[in-house]
Amino acid sequence: MPERKSKGTRKGYTTGACSAAAARAAVQGLLNGCVPDTIACVLPNGLDVAFKVEESFVQNDRAHAVIEKDAGDDPDCTNHARLTADVIWIEQPDTIVLQGGEGIGQITRPGLGLAVGGPAINPVPRKNIEDNIRLIAAEALKTRGLQVTISVPGGEEMAKKTLNYRLGIVGGISILGTTGIVHPYSTAAFRASVVQGVEVAANQGQTSVVLTTGGRTEKFVMRELPELDESCFVQMGDFLTPALDAADRCGIQNIIIGGMVGKLTKMAQGETITHAGRAPVDVELVADIARGIGAPNDVCDAIAAQETARYASECMAELGLEHAFHVELARRVIATLENRYPGRFHISVLVCDFDGNKLAEAGRI
């Protein structure tokens with residue numbers, strides 16, 4: 001598990017990483033007849049990490065393994081959750097069927113990038129689970145397949161402390177994580193590191209700072225702005241206001257924000273902290289943007305009845321209005337922030353999709 005560091009800075013592992021480790025351990029049990037006490041797991045970011053297996057058995061061609069989540073210094077409702085994998089052989093060769101068991105939420109609405117009716121296991125963790133299984137079971141999968149059921153005892157109670165119900169995820173938690181690592185984004189230590197990042201850029205004489213919400217958006221803007229020094233790029237996580245306040249104090253006027261539809265909508269609606277758990281997305285704002293670029297009334301009404309900005313983005317893509325929608329969203333972000341910081345910044349926004357592909361831009365890049 002993550003090595004112990006000073007309070008406030010210790011990283012942890014996502015529910016996705018723990019699920020992949022549990023699945024790999026259980027499959028190892030099927031292959032060898034015994035689940036190991038520790039299991040290696042390759043995270044989505046490429047790191048190879050050893051996880052302790054808390055509970056296991058192999059019985060009647062079924063294997064079971066449990067990994068306890070350690071969230072590091074960013075504890076949330078899933079800290080110490082017992083991510084559980086149960087695996088059995090199936091007849092279909094080269095097939096891995098992933099199912100959600102007890103405590104895993106079920107998708108009931110579109111707009112999350114997952115199949116309605118399916119388990120709330122996000123695409124990156126889903127692929128990571130399969131990749132880890134294939135690393136150890138490639139030979140066996142030539143003649144048969146595997147059914148993998150991920151569950152979280154107590155997950156339904158944990159989910160009551162989240163906004164899952166607003167997203168149409170019922171009955172449990174979501175399996176999340178794009179890198180496998182939990183950074184202490186909600187801690188004072190991370191907030192201080194955001195401010196420090198802006199100060200470093202200023203101290204090096206930079207006149208621009210590029211604020212991103214995470215690793216994918218940072219990679220995206222770095223590709224778009226290769227002329228800028230590396231010190232200009234600051235992963236602010238959810239801490240938009242501390243980052244802008246630091247830039248204001250340091251005299252940096254050129255602000256470039258890189259983001260995706262959900263976080264940008266939070267910024268446009270005036271949220272000072274953009275964490276998903278702080279406040280729901282203002283779907284009326286999103287519907288208003290769609291209406292303003294000519295989307296049909298019935299589509300706008302459907303957007304207002306949903307709970308995610310991503311659903312609006314998907315609807316606009318189907319109508320051929322994706323670019324116009326994201327340009328207007330970016331403009332709304334700029335207007336909101338310029339109203340909050342009148343005359344203090346030149347703000348630009350770059351928008352990417354969930355794969356890091358450019359969708360739109362606004363402002364003077």
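A salt bridge is a side-chain nitrogen of Lys or Arg within 4 Å of a carboxyl oxygen of Asp or Glu. Glu55, Glu68 and Arg82 are linked in a network of such bridges, and a search of the whole structure finds 16 salt bridges. The model is predicted, so local features need pLDDT of at least 70 and side-chain atom pairs count only at pLDDT 80 or more, while totals for chains, interfaces and linings use all residues. Residues are numbered from 1 along each chain as its sequence is written, and side-chain values use heavy atoms, with hydrogens and water left out.

Arg134 takes part in two of the pairs described here. With Asp94, its closest N and O atoms are 2.7 Å apart. This pair links distant parts of the chain: Arg134 is in helix H2 (residues 123-137), and Asp94 is in the loop between strand S6 (82-90) and strand S7 (96-100), 40 residues apart. Helices (H or I, at least four residues) and strands (E, at least two) are DSSP runs, numbered from the N terminus. With Glu130, the closest N and O atoms of Arg134 are 2.9 Å apart. Arg134 and Glu130 are separated by about one helical turn because they are 4 residues apart in helix H2.

Arg134 counts as partly exposed at 26% relative accessibility, and Asp94 does so at 47%. Buried means under 20% relative accessible area, exposed over 50%, and partly exposed in between (1.4 Å probe, protein chains only).

Arg24, in helix H1 (residues 15-32), is buried yet has no salt bridge. The nearest side chain of opposite charge, Asp48, is 5.6 Å away; Lys and Arg count as positive and Asp and Glu as negative, while His and the chain ends are not counted. A polar atom of the Arg24 side chain lies 3.1 Å from the backbone oxygen of Ala40.

Next come helices H10 and H11. Helix H10 (residues 309-319) and helix H11 (residues 322-340) pack at an angle of about 140 degrees, with their axes 7 Å apart. Axes are lines fitted to C-alpha atoms, for helices over the stretch in contact (heavy atoms within 4.5 Å), and angles run from 0 to 180 degrees between N-to-C directions. H10 and H11 are therefore oblique to each other, as angles under 35 degrees count as roughly parallel, over 145 as roughly antiparallel, 65 to 115 as roughly perpendicular and the rest as oblique. Just after H10, Gly320 takes a positive phi of about 75 degrees.

How values were computed. Polar contact = N/O pair within 3.5 Å; in protein donor to acceptor, adjacent residues only side chain to side chain.
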